[in-house]
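Welcome! Take a moment to look over the sequence and the 3D view below, and then read on for a guided tour.

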Amino acid sequence: MNKAIVLYQSKYGATRKYAEWIAEALGCSAVETKKADVEQVREYDLIILGGGVYASGIAGLSFLRKNYAQLKEKRIIVFAVGARPFDESVVSALKEHNFKGPLTDLPLFYCRGAWDEEAMTWGDRVLCRMLKKIVAKQDPASHGPLERVIMEAGTKHDWTDREQIQPILDFVRGNQP
Ligand SMILES: Cc1cc2nc3c(=O)[nH]c(=O)nc-3n(C[C@H](O)[C@H](O)[C@H](O)COP(=O)(O)O)c2cc1C
């Protein structure tokens with residue numbers, strides 16, 4: 001396989017874990033987007049970029065948006081890590097929300113991350129607890145996947161699982177369309 005690199009942006013560690021699992025499986029490096037230099041990234045043929053999902057936005061995509069002109073000849077794959085359970089509709093909603101312009105046709109994969117209110121920054125914790133109070137007052141029948149997670153997960157849950165990188169590896173290795 002050609003030279004690959006995994007870039008990632010992770011606030012609480014789940015995306016980093018997936019990035020490191022993928023890098024280990026492919027025998028390449030995992031580097032934080034904040035530390036990545038586009039000139040060095042240009043040396044790779046395959047760029048796999050992973051980002052945690054916060055308020056529907058995929059972290060780290062700004063690296064691609066900013067540098068796309070220099071990377072457009074590369075094979076680029078994106079994976080998002082969120083708390084929602086996997087569902088095709090979750091992936092299409094993330095695509096619609098995050099993939100604009102030249103990023104539109106990039107392949108997007110999804111891995112389920114973690115939810116730990118105690119580990120969150122003060123601001124994130126306040127935000128999530130406010131959200132939880134609002135969700136608690138709603139009719140459960142109206143809840144979408146994230147609302148259900150917020151109400152069911154308690155304050156701490158870890159859904160990370162190495163098996164979730166398999167579709168990414170299959171795609172990279174050409175075992176899947
Ligand atoms: C402020 C905040 C907003 C979040 N918003 C979403 C969201 O919109 N959709 C989702 O699926 N998960 C959401 N999550 C859950 C994170 O995606 C999940 O914790 C994931 O593991 C984060 O990746 P990281 O561990 O690499 O930081 C949110 C978490 C926080 C703290």
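Two residues are in contact if their C-beta atoms, placed from the backbone, lie within 7 Å. With that in mind, a word about the model itself. This is a predicted model, in which local features need pLDDT of at least 70 and side-chain atom pairs count only at pLDDT 80 or more, while totals for chains, interfaces and linings use all residues. Residues are numbered from 1 along each chain as its sequence is written.

**The chain as a whole**

The chain has seven helices and eight strands; these are DSSP runs numbered from the N terminus, with helices (H or I) of at least four residues and strands (E) of at least two. Its radius of gyration is 17 Å, close to the 16 Å that the globule rule gives for 177 residues, so the chain is as compact as a globular protein of that length. Here the radius of gyration is taken over C-alpha atoms, and the globule rule is 2.2 Å times the number of residues to the power 0.38. The C-alpha trace spans about 50 × 35 × 30 Å along its principal axes.

How much of the chain is buried? Buried residues make up 28% of the 177 residues. A residue counts as buried if 20 or more other C-beta atoms lie within 10 Å of its own, as exposed if 12 or fewer do, and as partly exposed in between, with C-beta atoms placed from the backbone. Of the contacts with a separation of 6 or more, 76% join residues 24 or more positions apart.

The chain is divided into domain 1 (4-113 + 159-172) and domain 2 (116-157), with bounds that come from an automatic or database domain assignment. Their centres, taken over C-alpha atoms, are separated by 25 Å. Where the domains meet, seven residues of domain 1 are in contact with six residues of domain 2. The side of domain 1 that touches domain 2 has five nonpolar, no polar and two charged residues. In this count Ala, Val, Leu, Ile, Met, Phe, Trp, Tyr, Cys and Pro are nonpolar, Asp, Glu, Lys and Arg are charged, and the others, Gly among them, are polar.

The shell holds 23 residues, and the closest are S10, T15, G52, G82 and G113; a residue is near a molecule if its C-beta atom, placed from the backbone, lies within 6 Å of it. By class, the shell divides into 13 nonpolar, seven polar and three charged residues. At least two shell residues come from each of α1 (14-26), β3 (46-54), β5 (75-82), β7 (114-116) and α5 (122-136).

**Strands side by side**

Six of its eight residues are buried, so β5 is largely enclosed by the rest of the structure. Strand β6 (residues 108-112) is mostly covered too, with four of its five residues buried. β5 runs parallel to β3, joined by seven bridges, and β5 also pairs with β6 in the parallel sense over five bridges. Strands pair if DSSP finds at least two bridges between them. Across these pairings, G50 stands opposite F79 in β5, V78 stands opposite L108 in β6, and A80 stands opposite Y110 in β6.

The table gives the surroundings of some single residues.

| Residue | Other C-beta atoms within 10 Å | Class |
|---|---|---|
| K11 | 16 | partly exposed |
| L71 | 19 | partly exposed |
| A55 | 8 | exposed |
| S56 | 13 | partly exposed |

K11 lies in the loop between β1 (4-9) and α1. Not counting residues up to four places away in sequence, K11 touches G52 and A59. The C-alpha atoms of K11 and V53 are 9.6 Å apart, although 42 residues separate them along the chain.

L71 belongs to helix α3 (residues 61-71). Leaving aside neighbours within four places in sequence, L71 is in contact with V41, R42, I47, L64 and I76.

Most residues other than glycine have a negative phi. A55, however, has a positive phi of about 50°, and S56 has a positive phi near 70°. A55 lies in the loop between β3 and β4 (57-58), and S56 lies in the loop between β3 and β4 as well.
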